[in-house]
Amino acid sequence: MTSVDSLNIPSLRLHDDHPSLLTFEPFTLPPTNQRTLGPPHPPNTPIPLALRPSSSANSPITLDSAISTIHHLQRTKTLTTLLARHGTLLFRNLPIHSAADFSAFAHAFGYKPHEIIGIVVDRPLLAPNVAPANEAPKHVRIYNHNESPQVPHAPEYIFFYANKAPEVGGETPISSSLELFQRAQREIPEFVDRLAAKGILSRVTYKVGRQYVGGSTLREAFGKEIVDGDDEGTQEAKIEAQIARYGRGEYTSFEWTVDEEGDKTLILTHRLPVIRTQPGTNLPTLFTGLAAYYKNKLEAEQNTGAGRKNVAVQLFGDGTPIPEEYLEVLARITDEIRVLHKWQEGDVLVFDNVVAQHGREPWEGKQGDRVVQASLFDGDQVPGAYGFGGWAQVVQALDG
């Protein structure tokens with residue numbers, strides 16, 4: 001990894017008439033934590049771009065001064081532009097010590113809080129728009145993916161905050177979806193062509209109870225309007241009304257079934273684009289969890305204990321299976337282009353979800369040795385279409 005000094009990345013400075021505001025200066029991370037992105041990113045673009053308050057600050061570094069600085073930088077969308085270029089920003093050495101601090105910092109960017117529809121993990125609210133990132137057991141690996149690729153309504157910006165960091169393991173992988181597309185197009189062009197022509201069918205199963213530790217229930221996924229005392233028909237109608245908010249028409253369908261235990265089960269099928277385009281540049285991005293799906297399946301078959309239960313079945317958009325040889329290549333490329341962010345307490349990572357993928361590595365010690373919180377936000381636009389079918393363009397969910 002070339003140092004950020006040699007890359008000539010400027011500090012984020014504000015006008016001298018704001019002496020109480022901070023200057024964020026870039027700094028270099030170890031090569032395991034940071035790398036220079038390949039095409040189509042501009043030359044000399046590191047991921048993540050690591051920022052910290054200048055050590056020469058004339059005033060104390062407070063949460064208020066950090067928030068005010070973010071407000072001023074975002075008047076010209078400075079940080080949004082950097083996210084679109086680098087994919088991920090790291091903020092370090094800020095006085096963020098709680099979910100409430102983190103919430104205030106994340107909201108300062110000015111994005112609209114994202115409402116998750118069809119949540120597949122348990123995310124209890126800790127502060128305004130803040131929840132645990134994932135509460136799966138510490139031995140479970142969550143491989144690189146874009147957030148919510150298995151449903152039509154995904155956030156554009158993801159904030160993660162380390163309230164507590166383990167000594168060994170627990171890193172957050174970071175990789176570029178734009179770079180992944182470029183590499184896949186070069187190495188497995190026939191697969192990219194099939195994805196562009198067909199998209200995928202994502203069949204997601206929701207059950208009354210949790211399907212795995214850290215997973216969501218059917219009511220948590222779609223039942224925000226359900227109240228105690230609603231009969232079965234009323235509950236189903238309210239769940240179906242939430243599904244309609246996806247705004248996907250014929251490209252989202254559902255089926256009510258009963259599982260082997262006799263519990264009502266919802267199977268939701270979406271035809272979705274894997275290839276989407278970055279707003280502003282129209283660069284194609286692999287917006288997907290296919291490599292994670294493959295890794296989970298592989299680890300489950302090998303009984304390693306590191307895999308995460310797949311609650312979504314992934315097929316080509318015409319219903320035919322996706323050959324594992326292609327998924328194996330996606331995983332190999334991801335391994336080659338990703339870095340592992342080693343958390344320090346108080347760190348905040350910010351992802352442009354269209355540009356960058358994330359995950360979670362297992363860690364040693366106790367489950368509570370790693371406490372990472374998440375906050376999700378929508379952007380002004382959703383990713384654009386790469387193909388020509390009606391299924392190729394996702395939309396913002398309808399208000400509800």
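I began with strand β10 (residues 172-176) and found it mostly covered, with 5 of its 5 residues buried. The model I am reading is a predicted one.

I then looked up which residues of β10 lie on each face. Thr172, Ile174 and Ser176 are on one side, Pro173 and Ser175 are on the other, and all of these are buried, which leaves both faces of the strand covered.

**Partners of β10**

I next noted the pairing with strand β17 (residues 339-341), which is antiparallel and extends over 3 bridges. Within this pairing, I found Thr172 opposite His341 of β17. I recorded Val339 in β17 as the bridge partner of Ile174.

I also checked strand β19 (residues 356-360), which runs antiparallel to β10 and is joined to it by 3 bridges. Here I found Ser176 opposite Ala356 of β19.

**The sheet**

I traced the strand order as β8-β19-β10-β17, an open sheet of 4 strands with antiparallel pairing. I asked which strands stand at the edges. They are β8 (142-145) and β17; each has a single partner strand, so one side of each lacks a neighbour in the sheet.

**Helix α2**

I turned to helix α2 (residues 63-74), which has 12 residues. From its first C-alpha to its last, α2 reaches 16 Å, close to the 16 Å expected at 1.5 Å a residue.

I asked how many residues of α2 are buried. The count is 9 of the 12, so I describe the helix as largely enclosed by the rest of the structure. I listed the buried residues as Leu63, Ser65, Ala66, Ile67, Thr69, Ile70, His72, Leu73 and Gln74. Among the elements that cover them I recorded β1 (24-26), α3 (78-86), β5 (88-91) and α4 (99-107).

**Helices α9 and α10**

Finally, I examined the packing of helix α9 (residues 290-301) on helix α10 (residues 324-337): the angle is about 105° and the axes are 9 Å apart. Angles of 65 to 115 degrees count as roughly perpendicular, and I therefore class α9 and α10 as roughly perpendicular to each other.

I listed the contact residues on each side. From α9 they are Leu290, Ala291, Tyr293, Tyr294, Lys295 and Lys297; from α10 they are Glu324, Leu327, Glu328, Leu330, Ala331, Thr334 and Asp335. Sorted by class, I recorded 7 nonpolar, 1 polar and 5 charged residues in the contact of α9 with α10.

Key:
Residues numbered from 1 in each chain as written. Predicted model: local features only at pLDDT ≥ 70, side-chain atom pairs only at ≥ 80, totals over all residues. Heavy atoms only, no water. Helix = DSSP H or I, 4+ residues; strand = E, 2+ residues; numbered from the N terminus. Expected span 1.5 Å × (residues − 1). Buried < 20%, exposed > 50% of the residue type's maximum accessible area, 1.4 Å probe, protein only. Contact = heavy atoms within 4.5 Å. Pairing = 2+ DSSP bridges. Axes fitted to C-alpha atoms, helices over the stretch in contact; angles between N-to-C directions. Parallel < 35°, antiparallel > 145°, perpendicular 65-115°, else oblique. Nonpolar A, V, L, I, M, F, W, Y, C, P; charged D, E, K, R; others polar.
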